[in-house]
Amino acid sequence: PVLSADGAEAFFLRDDGLTSEVCRAAWEDGKMGEIAVIASSARSKRGLKASPCGRKIAWLEATGDLVVAALGGAAAKVVAQSWDSPTYDWSPCGERLVMAAKDIHSNRDIFLVSADGSQQPLNLTQHPAFEGSPKFSPDGKRIVFTAKREPDGIARLWLIDVGGTGKPPSDPRPMETDIGEPTRVVWAADSRSLLFQSRDKSDATIYSVPADGGEVKEFAGFRGTAEGMGADGCSFWRIDRVPAVFREGVVTRFAF
């Protein structure tokens, strides 16, 4: 299940073994209202994500096709075909998505996708190395991704500038972190820095690095999966599978 940007609706998948559905329902006072079906077919569905703008929702179908539906009632549409299991992220405006998927040569690249399917996906990287986990910055101007372009085979962070109307995306450029192999990368709410963790699970630290380059600093003393960044300085995590809020150096867990 995922919540809408304003928290007023819940979206979820429902599958009886014959038909797979994308559903929505009002969410108020901890209770779901009447369930409505957004899309229904025999193709399996997964990877549900609501757009930050609140007007659209996306998911993956079958082998990995990226599908988008407008919440105003328009029919769902395949906006990018894929035969593997891509990862993707919404732009803040809801007009574009970024996707990591294999091309016809089984090489995983980063693609910019039009949310209305009006244009063919644009390959932003076109490099024989593995590239994945792309994420739009909250201001929609940059995309961060990981790539194994060096002979040592270690994944490192790379940035692409995609902001500006009518301007082509920039060439990817590397970021220096010098902290193991970055993983679980997420943007800070102000788009000025990135948070990441080392792939070394013994390193119980979340690091912060400026997007324009600079000193790597410690953000928090725990490992976890980021679930959202609040504009007021708080951040939301899953730590050991338990929901948690991190604010002013203090972790509050919501065990169940």
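This is a predicted model: local features need pLDDT of at least 70, side-chain atom pairs count only at pLDDT 80 or more; totals for chains, interfaces and linings use all residues.
1. Hairpin of S9 and S10. Strand S9 covers residues 87–90 and strand S10 residues 96–102; the two pair in the antiparallel sense over four bridges. Tyr88 has Met99 in S10 as its bridge partner. Five residues lie between the strands of this hairpin, and Gly94 takes a positive phi near 80°.

2. Open sheet of S21 to S24. Four strands, in the order S21-S22-S23-S24, form an open sheet with antiparallel pairing. Its edge strands are S21 (225–229) and S24 (250–253), each of which pairs on one side only. From one strand to the next, the twist averages 30°. Strand S23 (residues 242–247) is joined to S24 by four bridges, and the two run antiparallel. Phe246 has Val251 in S24 as its bridge partner.

3. Is Glu61 buried or exposed? With a relative accessible area of 8%, Glu61 is buried, because buried means under 20%. Leaving aside neighbours within four places in sequence, Glu61 is in contact with Ser41, Arg43, Ser44, Lys45, Arg46 and Val67.

4. Salt bridge of Arg55 and Glu95. The whole structure holds 16 salt bridges. In one of them, Arg55 pairs with Glu95, and the closest N and O atoms are 3.6 Å apart. The pair links distant parts of the chain, 40 residues apart: Arg55 is in the loop between strand S5 (45–50) and S6, and Glu95 is in the loop between S9 and S10. Arg55 is partly exposed, at 45% relative accessible area, and Glu95 is also partly exposed, at 41%.

5. Salt bridge of Glu131 and Arg149. Here the closest N and O atoms are 2.6 Å apart. Glu131 counts as buried, with 0% relative accessibility.

6. Salt bridge of Arg142 and Asp161. The closest N and O atoms of this pair are 3.4 Å apart. Arg142 is in strand S14 and Asp161 in strand S15, so that the pair links distant parts of the chain, 19 residues apart. Arg142 is buried, at 17% relative accessible area, whereas Asp161 counts as partly exposed, at 27%.

Key:
Residues are numbered from 1 along each chain as its sequence is written. Side-chain values use heavy atoms; hydrogens and water are left out. Two strands pair if DSSP finds at least two bridges between them. Axes are lines fitted to C-alpha atoms, for helices over the stretch in contact, and angles run from 0 to 180 degrees between N-to-C directions. Buried means under 20% relative accessible area, exposed over 50%, partly exposed in between (1.4 Å probe, protein chains only). Contact means heavy atoms within 4.5 Å. A salt bridge is a side-chain nitrogen of Lys or Arg within 4 Å of a carboxyl oxygen of Asp or Glu.
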